[in-house]
Amino acid sequence: MRRVATMGLTALLAFSLAACGNQATGEKTEQAAANSGQQQTVKLGLTQFVEHPALDAIHKGILDGLKDSGYEEGKNLEVDSQNAHGDMNNTVSIAQKYAGDKKDLVIAIATPSAQAAAKAISDKPVLFSAVTDPISAQLVNALEKPDKNVTGTSDKVSMEQQLKLVKSFMPGLKKLGVIYTTSEVNSEVQVKDLEAAASKEGVEIVKAGISQLSEVQLAAQGLVGKTDAMFIPIDNTVVSSFEAVLGVAEQNKVPVFASDTDTVKRGAVATYGIDYYQIGKQTGEMAGRVLKGQAVADTPVEVSKQADLYINETAAAKFGLPVSEALKQQAKEIIK
């Protein structure tokens with residue numbers, strides 16, 4: 001009996017040691033897999049404020065940037081995409097859902113979604129895309145050294161350059177109307193920059209502030225007879241309802257200019273704009289670096305360094321504006 005018991009104890013001890021060995025090997029294997037970027041599927045929350053071509057292009061660019069970094073949806077990336085449809089309350093609900101779901105990473109497209117995500121999530125990385133002024137939006141204290149768990153890409157463009165472009169089409173410009181959402185920090189920043197540029201050029205800025213989507217057309221109608229032209233900043237609410245502005249503008253022969261390239265393709269005269277797909281891809285590549293272990297604090301906010309000229313020749317003709325050869329030579333794209 002004693003011999004049998006001894007043999008049983010020896011076998012049990014050997015089994016335990018083997019189990020421990022297997023567990024240790026498993027841990028090493030998991031660590032090796034983690035180091036190679038092939039551990040468990042990454043859970044990504046991707047929140048977008050509203051649908052319009054520029055933000056949709058960012059969304060695609062983000063996923064392509066992640067894929068290039070080794071994270072592909074359906075393989076090692078699980079994407080939970082949510083759209084707030086321009087509703088501030090929805091941005092909060094989406095962010096809180098992601099916090100509760102313990103997403104590994106959250107990417108927010110546009111300022112309102114980024115603000116909601118940054119407020120709701122403090123223990124996981126949050127990246128933003130298409131935030132015009134991350135400091136004014138209180139997402140970071142400094143672009144070069146993010147101090148929290150938040151970083152991303154900015155789509156800020158020069159209002160001075162935009163105003164000079166409008167004047168190149170309309171040298172006699174005296175009053176420029178601008179439609180913007182008063183609750184969007186990025187829009188307020190752009191309007192202030194535009195006013196500063198206008199004061200140097202002797203141009204008066206006539207502001208038409210809105211609070212919701214249904215007010216966009218009324219704001220455009222309110223500018224008729226008061227301005228020589230209209231200008232649409234990078235404002236998600238207004239851009240998503242641009243056709244309402246364009247209808248009023250075309251009916252009353254008031255030229256309309258924009259800050260983003262997709263709005264020019266939809267009927268605005270011209271812009272110095274950035275490639276929103278590339279901004280999205282840039283954000284996706286940043287996310288890839290963070291997922292592989294790069295600290296958010298070591299991931300500075302990136303700003304597009306180049307704005308290209310886009311001209312809609314058909315739109316210019318509708319508003320009776322000639323396109324000079326000099327502008328044609330500068331343009332990256334002329335939309336017919």
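Two strands are taken to pair if DSSP finds at least two bridges between them, and the elements named below are DSSP runs numbered from the N terminus, helices being H or I of at least four residues and strands E of at least two. The views show a predicted model, in which local features need pLDDT of at least 70, side-chain atom pairs count only at pLDDT 80 or more, and totals for chains, interfaces and linings use all residues. Residues are numbered from 1 along each chain as its sequence is written, and side-chain values use heavy atoms, with hydrogens and water left out.

**View A. The four-stranded open sheet is parallel and has the order E7-E6-E8-E9.** Its edge strands, E7 (204-210) and E9 (256-258), each pair on one side only. Strands E6 (residues 175-181) and E8 (residues 229-232) are joined in the parallel sense over three bridges, and Ala229 of E8 is the bridge partner of Leu176. Helix H6 (residues 185-201) packs on this sheet, touching E6, E7 and E8, and its direction makes about 165° with that of E6; such angles run from 0 to 180 degrees between N-to-C directions, with axes fitted to C-alpha atoms, for helices over the stretch in contact.

**View B. A second open sheet has six strands in the parallel order E2-E1-E3-E4-E5-E11.** Strands E2 (77-83) and E11 (302-303) each have a single partner strand, so one side of each is left without a neighbour in the sheet. Val126 has Val150 as its bridge partner in E5.

**View C. Phe257 and its surroundings.** Contact here means heavy atoms within 4.5 Å. Leaving aside neighbours within four places in sequence, Phe257 is in contact with residues including Val166, Phe169, Ala229 and Leu321.
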